[in-house]
Amino acid sequence: MKFLNKMLISSVALASSLTAINPSVLAETDSKVKSGHQTSQLALTKKVLPDKMDRFKYETNFTFKYPDAVRGIYLTGNSAGGQKFDKLLNYVEQTELNAMVIDIKDDWGNITYTPEDPDSPYADIAKNYISEPVEMLSKLEEKQVYPIARVVVFKDSILSKQKPEWSFVDNGEIWKNGRGESFVNPFMKEVWDYNIGVAIEAAKMGFQEIQFDYVRFPEGFEKREDSLKYSMGEYKGTSTNHTQKRVQAVTDFVAYAREKLKPYDVKVSVDIFGYAATLPEAPGIGQNFSKISENVDVISSMIYPSHWTSYFGITKPDLEPYKLVSAYAKLEKEKLGELKTPPTSRPWLQDFTAAYLGKGNYLKYGKSEVQAQIDALNKNGVNEYLLWNAANNYTQGVDYKP
């Protein structure tokens, strides 16, 4: 594969630069790590990055202004590249909405457009869903709709199949979850670079923000960590337990990605489970809300009422969207308030009906339910949000800026 050949060259170059580091630099790095913690891969990488990267700034042909507050909707590659795009763009223009989150690397690992460069390492996994990405961005610029590129990171069935050694193997086969999806291994720096490469291409194209999704291990990983075959990469030699290794790997990826994207002048956001903010850390999936938040410009907690069990004293959260979102917003504000440089809070809200919860456990979501979530955020001082509907059919008549 083209990508694998380029990855090999990149790995050799990185290895050469590592061997050239002065021992005193390594000693300095070790001295800056708090007692009881291992030196992270990121600490070393920061010493290796050349100074010129901070001075270089890539400029695109597009000019976007950050909105007063981002209020956005999600678009699949098919919607962004099809007839639905103009319809959704018109809807955004006619309302107080002002942003679009667009799939650039989707939930299966496909790149949703064909790279202009035929030698692109991603050319062979590209789908021509968005046939004219530059024209699409031009339309967004004309309407000043803020463009966010969604990059699904560690859920990647395509890369898992191509590179089993970068994935999780179960009895000689690539492990799949109950939905038939595979994940690649967050411990592997090769996987980091693969996804950051996609993000850089999106930034060069003109997207103003990179939103990383599925920045985690598979759900319930702690129950199968000993039965699957996988590499721990450079985390193998650390003395911390497996839970902390996962947390460190996920946190290091986010910080590393943000550093690599600095020359492209884009914001970095991460989607995270809402319940991660209610725990010191989510042990199986490696998400620590505070540590991830410290390394991003925007944190987007997925707080769909349908995705909660009986948290916050609410027995059936899907039936009480205002109460659920309000309770979460108060908790998150407290958690972010503990950080020196908290990111912008921009939660994902529910604009879909969760009939799968069964009779009596869900509401048919429409104008009132979507409005309730927005109002709850607003009352708690959170003015940014994103709306999720997998089919990209959004409720009309909502006051998006209460």
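Modeller: This is a predicted model, and here ring pairs join Phe168, Phe187, Phe217, Phe221, Tyr230 and Tyr235 into a cluster.

Biologist: How many aromatic pairs does the structure hold?

Modeller: There are 27 aromatic pairs. One of them is Phe183 with Tyr214, 6.4 Å centre to centre and with 65° between the planes.

Biologist: Why is the pair of Phe183 and Tyr214 called edge-to-face?

Modeller: The centres lie 6.4 Å apart, and the limit for a pair is 6.5 Å.

Biologist: Where in the chain do Phe183 and Tyr214 sit?

Modeller: Phe183 is in the loop between strand 7 and helix 9, Tyr214 in the loop between strand 8 and helix 10, 31 residues apart.

Biologist: What makes Tyr214 count as buried?

Modeller: Its relative accessibility is 18%, and buried means under 20%, so Tyr214 qualifies. Phe183, at 2%, is buried too.

Biologist: Why is the pair of Trp192 and Tyr256 called tilted?

Modeller: Their planes are 50° apart. Stacked needs under 30 and edge-to-face over 60, so the rest are tilted. Trp192 is in helix 9 and Tyr256 in helix 10, 64 residues apart. Both are buried, Trp192 at 0% and Tyr256 at 3%.

Biologist: Which residue lies over the face of Trp166?

Modeller: That's Lys163, at 4.9 Å from the ring centre. Likewise, Lys267 lies over the face of Tyr66, at 5.2 Å from the ring centre.

Key. Residues are numbered from 1 along each chain as its sequence is written. This is a predicted model: local features need pLDDT of at least 70, side-chain atom pairs count only at pLDDT 80 or more; totals for chains, interfaces and linings use all residues. Side-chain values use heavy atoms; hydrogens and water are left out. Rings of Phe, Tyr and Trp (its six-membered ring) pair if their centres lie within 6.5 Å; planes under 30 degrees apart count as stacked, over 60 as edge-to-face and the rest as tilted. Helices (H or I, at least four residues) and strands (E, at least two) are DSSP runs, numbered from the N terminus. Buried means under 20% relative accessible area, exposed over 50%, partly exposed in between (1.4 Å probe, protein chains only). A charge sits over a ring if NZ of Lys or CZ of Arg is within 6 Å of the ring centre and within 35 degrees of the ring normal.
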